[in-house]
Amino acid sequence: MSQDNSFGGSVTRRALVAATAAVTVGIASGSTSAQRLPTPPRAKGRLVWLDMDQQDLDDAYDQIVYAPNQPNITERRTWNGEKARAVLGEPTRLSYGTAEIEKIEVYKAKRANAAVAIFLHGGAWRGGRASQNAFMAENFVKAGAHFAAVDFNNVGETGGDIFPMVEQCRRAVAWTHKNAKSFGGDPEKIYLLGHSSGAHLGGCVLISDWAKLAVPANVIKGALLGSGMYDLKPVRLSKRADYIKFTDAMEQELSTQRHLERIYTPLVLTHGSLETPEFQRQTREFHAALVAVGKPAQLIVGRGYNHYETQETLGNPYGFMGRAALALMKLAT
């Protein structure tokens with residue numbers, strides 16, 4: 001079921017204020033353009049990754065350079081999250097482990113034996129909490145699915161180590177499968193959603209050895225991963241290494257694209273056409289690698305969206321990610 005989709009038509013991106021007017025630069029695919037703030041001319045340094053010097057690579061893993069309206073989007077998400085909680089009520093916080101942070105916030109659908117959408121948040125591995133994603137819950141609950149946002153530690157709390165975060169996310173999925181019936185969920189209808197570093201974590205979850213957690217290999221029936229990182233080599237070379245203690249083992253084991261044989265789940269991969277060149281390339285190449293080995297994978301490119309704007313569409317049944325998630329879960333808009 002390999003399909004390469006991109007949204008056509010004329011989607012007009014809201015204009016940025018003049019002070020943060022951005023210019024577009026072409027990237028290797030030829031079909032999409034990254035968008036970033038203008039920068040003063042400078043001499044290009046030694047190449048460290050593809051055609052990028054250190055500054056280029058650092059910028060390619062720094063979202064604010066390509067999405068300067070991030071503070072506005074955060075404000076919108078917070079406001080929309082408050083509106084969603086006013087409609088749905090406060091979520092039920094359920095423990096999937098013994099640590100205080102190890103909770104899942106579940107917004108319950110009224111449908112019996114409902115599907116469960118598990119969401120892993122982004123934040124460059126160093127920020128974010130489940131409560132900040134309430135803005136997307138109503139889309140799933142109104143369509144008849146439980147929305148379960150996972151809380152887990154960040155790298156500032158794990159000493160720069162991503163492995164504990166991956167293990168927490170894996171345990172959260174296993175716990176949900178074993179306990180879904182306790183909150184009205186169907187353990188045979190568990191789907192995984194992730195965005196940005198949450199999509200990276202989601203990719204790592206998909207290559208789990210589920211037998212060690214006493215759940216079936218097909219515990220996840222489908223996954224939607226947006227704007228993620230699937231090979232950590234270039235990330236390790238970027239300034240993110242300032243706060244992540246990369247090791248050879250971390251790079252190898254937590255690079256999902258290197259373990260395609262462990263993936264048993266149909267995948268929908270997305271990115272925006274205005275994202276950084278690296279976040280676009282990571283998604284395109286992961287999709288191509290999946291297709292090459294016969295794994296069911298679909299690629300959707302949201303035209304006119306930057307990194308943060310793509311995630312906003314998960315809260316809208318007619319947004320490109322929201323629509324794709326509901327279709328994956330076989331839910332009507």
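In helix 3, the residues Ile73, Arg77, Gly81 and Ala84 are buried; buried here means under 20% relative accessible area, exposed means over 50%, and partly exposed lies in between, with a 1.4 Å probe and protein chains only. Seen down the axis of helix 3, the buried residues fall within an arc of 80 degrees, so they line one face of the helix. That arc is taken from the directions from the helix axis to the C-beta atoms. An α-helix has 3.6 residues a turn, so residues three or four places apart point the same way.

Before going further, a word on the model: it is predicted, and local features need pLDDT of at least 70, side-chain atom pairs count only at pLDDT 80 or more, and totals for chains, interfaces and linings use all residues. Residues are numbered from 1 along each chain as its sequence is written, and side-chain values use heavy atoms, with hydrogens and water left out.

Helices (H or I, at least four residues) and strands (E, at least two) are DSSP runs, numbered from the N terminus. On the face turned away from the buried side you will find the exposed residues Glu75, Trp79 and Ala86. The cover over the buried residues of helix 3 includes helix 4 (137-143) and helix 10 (307-312). Just after the helix, Gly89 takes a positive phi of about 90 degrees.

Next, the nonpolar interior. A nonpolar core is a set of buried Ala, Val, Leu, Ile, Met, Phe, Trp, Tyr and Cys residues joined through side-chain atoms within 4.5 Å. The largest such core has 63 residues, of which Trp125, Ile162, Leu192, Leu201 and Leu267 touch the most other members. Helix 5 (residues 163-179) supplies the largest share of this core, seven residues. A second, separate core of 29 residues includes Phe135, Ala137, Leu193 and Met321. Leaving aside neighbours within four places in sequence, Leu201 is in contact with Leu120, Trp125, Phe152, Ile162, Met165, Val166 and Cys169, contact being heavy atoms within 4.5 Å.

Now for the rings. Rings of Phe, Tyr and Trp (its six-membered ring) pair if their centres lie within 6.5 Å; planes under 30 degrees apart count as stacked, over 60 as edge-to-face and the rest as tilted. By this rule there are five aromatic pairs. One of them is the tilted pair of Tyr61 and Phe279, 5.5 Å centre to centre with 55 degrees between the planes. This pair links distant parts of the chain, 218 residues apart: Tyr61 is in the loop between helix 1 (54-60) and helix 2 (63-66), and Phe279 is in helix 9 (residues 277-292). Both Tyr61 and Phe279 are buried. Elsewhere, ring pairs link Phe119, Phe140 and Phe147 into a cluster.

Ala214 sits in the loop between helix 6 (197-206) and strand 11 (222-226), and Ser227 in the loop between strand 11 and helix 7 (233-237). Ala214 is exposed at 59% relative accessibility, whereas Ser227 is buried at 0%.
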